[in-house]
Each structure stands twice: as structure tokens, then as C-alpha cells.
Amino acid sequence: KKKKKSAGKKKNQRKKILRGMLSAAEPPLDAGMVGLVGAPRPFASMQGDVVNPLIRDKIRHLGTLFSCLLPVRGDGNCFFRAVLVSVLRYALLDGQAALWEAVCRCADRMQKRFPTHAFATLPQRTEEAIGEDRSEAALMARVCNDARLSDEWVLLLRALVGS
């Protein structure tokens, strides 16, 4: 009985902590998201939603380092999808050619290890999907929120981490 009581007590403490961090009116970050990656959300817009002053200070600090938060749907691949979004934005939209070349080389190497997958053509298909405008909207809609292409990138990242 003592173990059950202490487990229940810990669970209630966690609930109280979570209630103290976010106001009841604020939905989860992925609530109402249509795709896998949501629209950019400025950190300044999140400060009023947080009750806990320590969390509010951390959000304010993150706002000095980053321009926005891109919510990623928690689907079991959210870590890989978040890494994917960051790498593709930096490599393709910010003109970091060296990073993009490294990504392409990585896709080629993974193709040799996993010949049944189409990893080698993934960078080319991504560039074709984004098109000439290379806008953030095109990247989000045609790559990050396209389940097929995005899942192929996630599979590549999972294979890379697992090898």
C-alpha cells in the first residue's frame, strides 16, 4: 500500500507542476496543426501563456537566441523531423552549400549501405519539390509537411543514427 500511495503522490505532483507551467487556456503546441510541422511561432507570443516565472525567463532567453519556434507534431519521429527541418532550412534557405553537399554525400553513403531505399535521389527530389523560389513556405509545404518525402528523410536520419 505504501508503494501505491507514493506512486500516486508523485503523479499528482507532476500534474501540479505541469499545471503551473502553462495556463489552462493554452492548447498544446501541436493542437490544431494541419501538417507535421506547424507555422513559425515567435517566442515573444509564448511568454504570456506561461505562469511559472522560471519557464518564462527561459523562453525569453531562447527568444534572444532564436527567431521563432517551429512546432513539430509528436508522432514518434518528432526528434528526427525537427532535426530535418533545421538542417534543410539552414542548408537550402540560408545558402549553406557546404552543409547541403555534406547531406548529399551522406545520402549517397547510406544508399550504399541500404540499397533497397532511394536515399541517393532524396536530395534531388527535395530540391525539385522546393522549386526555384526556395522559400520557407515551399520547404514546409512540399517537403516537411509532405508525409512521403518527410518520412523518407526521417528514415535516412534513423538509418544514419543506427549505423
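Helix H4 (residues 97-113) and helix H5 have axes that come within 9 Å of each other and cross at roughly 135°. The structure described here is a predicted model. H4 and H5 are therefore oblique to each other. On the H4 side the contact is made by Trp100, Cys104 and Ala107, and on the H5 side by Pro123, Thr126 and Glu127. By class, the residues of this contact are 4 nonpolar, 1 polar and 1 charged.

H5 also takes part in the packing of helix H6. H6 covers residues 136-144, and its buried residues are Ala138, Leu139, Met140, Val143 and Cys144. These buried residues pack against helix H3 (78-93), helix H5 (122-130) and helix H7 (147-162). An α-helix has 3.6 residues a turn, so residues three or four places apart point the same way.

Two single residues can be set side by side.

| Residue | Place | Relative accessibility | Burial |

Not counting residues up to four places away in sequence, serine 150 touches Leu36, Arg81, Leu84, Val143 and Cys144. Val143 and Cys144 are among the buried residues of H6.

Leaving aside neighbours within four places in sequence, proline 40 is in contact with Cys68, Leu69, Leu70 and Glu136. Proline 40 and leucine 70 are 30 residues apart in sequence, yet their C-alpha atoms are 4.8 Å apart in space.

The largest pocket has a volume of about 370 Å³. It is lined by 15 residues, of which Phe66, Cys68, Leu70, Ser86 and Arg89 are the closest to its centre. By class, the lining has 11 nonpolar, 2 polar and 2 charged residues. Cys68 and Leu70, which are among the residues closest to the centre of the pocket, are also among the contacts of proline 40.

Notes. Residues numbered from 1 in each chain as written. Predicted model: local features only at pLDDT ≥ 70, side-chain atom pairs only at ≥ 80, totals over all residues. Heavy atoms only, no water. Buried < 20%, exposed > 50% of the residue type's maximum accessible area, 1.4 Å probe, protein only. Helix = DSSP H or I, 4+ residues; strand = E, 2+ residues; numbered from the N terminus. Contact = heavy atoms within 4.5 Å. Axes fitted to C-alpha atoms, helices over the stretch in contact; angles between N-to-C directions. Parallel < 35°, antiparallel > 145°, perpendicular 65-115°, else oblique. Nonpolar A, V, L, I, M, F, W, Y, C, P; charged D, E, K, R; others polar. 1 Å grid on protein atoms, 1.4 Å probe; cavity = no way out; pocket = protein on both sides within 12 Å on 5 of 7 lines; lining within 4 Å. Points joined across faces, edges and corners; volume = space filled by probe spheres on them.
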